[in-house]
Amino acid sequence: MSSILEGLSRAFSLILHPTAELLAIIVLSLKVSGSALVVATLLGLPLSAFFGLKKFPFKGLIISVLNTFMGLPPVVVGLFVYLLLSRSGPLGFLALLYTPSAMIIAQTILAFPIVTSLGHSAIVSVDPLIRQASMTLGATSWQISWAVIREARHGIIAAVIAALGRVMAEVGAILIVGGNIAGFTRVMTTTIALETDKGNFELALALGIILLSISLIINFGLHVLQKRGLPKVSS
Amino acid sequence: MSLLLRASDICKAYNGNHVLQGASFTCDKSGIYVLTGDNGTGKSTFLRICALLEPCDRGEIAYVADGQLLQHDIGLRRRITLVLPKIGVFNTTVFNNAAYGLKIRRMERGSIRERVSSALNFVGLAQKQQQAALTLSSGETQRLGIARALVLDPELLFLDEPAAFTDARNREIIEEIILRLKKEGRTTVILTTHDMKQAERLADRLLILTHGRITTP
């Protein structure tokens, strides 16, 4: 218990007086997870809208695969990306292994099914009357789709929040493809794992607290975004 | 009226159940057309087909303006409007709901504000402009549906059972709104109701749908 309290006190002092190394780790973590989330969202949201609004063969099968991929084990993704990017792999010529780019690719693969599948669920949950209402009011097919997407906005933001949680907390995949190289691919989660192994609990705890705080701030920001534009419920 | 609707020999079946079996009707004069009949006779189906919301199995819906047969395109769909019994409320304010049709037509903000205020005033919802539309009562929601259609100034307004899910007070208000529309004479209204007394109160022309066909009394 005392080591936890001591660790916490040193952690807070580290947070109040951060070292350059700590700041670099935080910045890289945000860059990697942020980039992965942006790429996964840019790819996943249009696809989720397509799956939610159009009918085509094997759609059910594709959705089932996406739902399954939401639970992809990070180490399996890490291994897969490692094999792709390793020198003898099909994308080895890109020389991306043990770089932040490899970490972004791995995290994008983890976030993509979450954004797409939960986004799709949000869109298909929209009341079918919304589509009919838009149509009767003279909307074009694009405008009808947009009206449905707008109605699904809370669920879509929830999908992005869920994906963010996944990539921010992820350690297995980025450890494999990033290599946890100090000053280059070391991020918060991999540092926590490493420092815990070394018995350096205060840095691990400090990073844990910072990680939680950043997640809290981003989630709160997204929550505010979710509420924006909504009318007051009281009359 | 400049827009003429001619529904000829409309047939529609759902899972082998032949709802419409050669229903025909022409709307060539302004006023209120009331299509009545028992529940399940296909009134809503007929209205949805006329409003181009769904296709018929056989027959033809023809819209004619200035002697020209019109294509069933977005241009025509923007000249007519259908208000469903359950209107489909956007999760936003009453104002934004009423403004939707104008916004998608890229109308200028000032005009939108003016027309929406006027339409909401017309249906008695002017005081609730900034209220969440989802919190309106069913009768108010139905009036919002009518306002949302009226802002578009449609040449032909289809109302499918406009007072079906409302209480007696809102039914009265909705009937008053329809009668005021008739008085103003800007819009031709085609509405369905299973309430024969309501049909008689509102109709300039009464149509009865029975056994899949339309007759006049």
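In α10(A), the residues A:Met188, A:Thr191, A:Ile192, A:Glu195 and A:Thr196 meet A:Phe201, A:Leu203, A:Ala204, A:Leu207, A:Gly208, A:Ile210 and A:Leu211 of α11(A), two residues being in contact if their C-beta atoms, placed from the backbone, lie within 7 Å. By class, this contact of α10(A) with α11(A) comprises 8 nonpolar, 3 polar and 1 charged residues; Ala, Val, Leu, Ile, Met, Phe, Trp, Tyr, Cys and Pro count as nonpolar, Asp, Glu, Lys and Arg as charged, and the others, Gly among them, as polar. An α-helix has 3.6 residues a turn, so residues three or four places apart point the same way.

The model is predicted: local features need pLDDT of at least 70, side-chain atom pairs count only at pLDDT 80 or more, and totals for chains, interfaces and linings use all residues. Residues are numbered from 1 along each chain as its sequence is written, while chains are lettered from A and ligands numbered from 1 in the order in which they are written.

Two packed helices are described by the angle between their axes and the distance between the axes. For helix α10 (residues 188-198) and helix α11 (residues 201-227) of chain A, the angle is about 155° and the axes are 8 Å apart. Axes here are lines fitted to C-alpha atoms, for helices over the stretch in contact, and angles run from 0 to 180 degrees between N-to-C directions. α10(A) and α11(A) are therefore roughly antiparallel, a term for angles over 145 degrees, whereas those under 35 count as roughly parallel, 65 to 115 as roughly perpendicular and the rest as oblique. Their crossing is left-handed, that is, the near helix is turned anticlockwise from the far one by less than a right angle, clockwise being right-handed.

Chain A as a whole contains 11 helices and 0 strands, where helices (H or I, at least four residues) and strands (E, at least two) are DSSP runs numbered from the N terminus. Its C-alpha atoms fill a box of roughly 65 × 55 × 30 Å along the principal axes. Helix α2 (residues 20-53) of chain A has 34 residues and spans 48 Å from its first C-alpha to its last, close to the expected 50 Å, which is 1.5 Å times one less than the number of residues. α2(A) carries a kink of about 25° centred on A:Thr41, the bend being the angle between axes fitted to the seven residues ending there and the seven starting there.

A second pair in chain A is formed by helix α5 (residues 100-124) and helix α8 (residues 153-169), whose axes come within 8 Å and cross at roughly 160°. That angle makes α5(A) roughly antiparallel to α8(A). The crossing of α5(A) and α8(A) is right-handed, and the residues of their contact divide into 13 nonpolar, 4 polar and 1 charged.

How many residues does each chain bring to the contact between chains A and B? Chain A gives 17 residues and chain B 25. On the side of chain A that touches chain B, α6 (128-136) and α7 (141-151) each supply at least two residues, and α6(A) gives the most, with 6. That side of chain A divides into 8 nonpolar, 6 polar and 3 charged residues.

Within chain B, helix α5 (residues 138-150) and helix α6 (residues 168-184) pack at about 15°, with their axes 9 Å apart. α5(B) and α6(B) are therefore roughly parallel.
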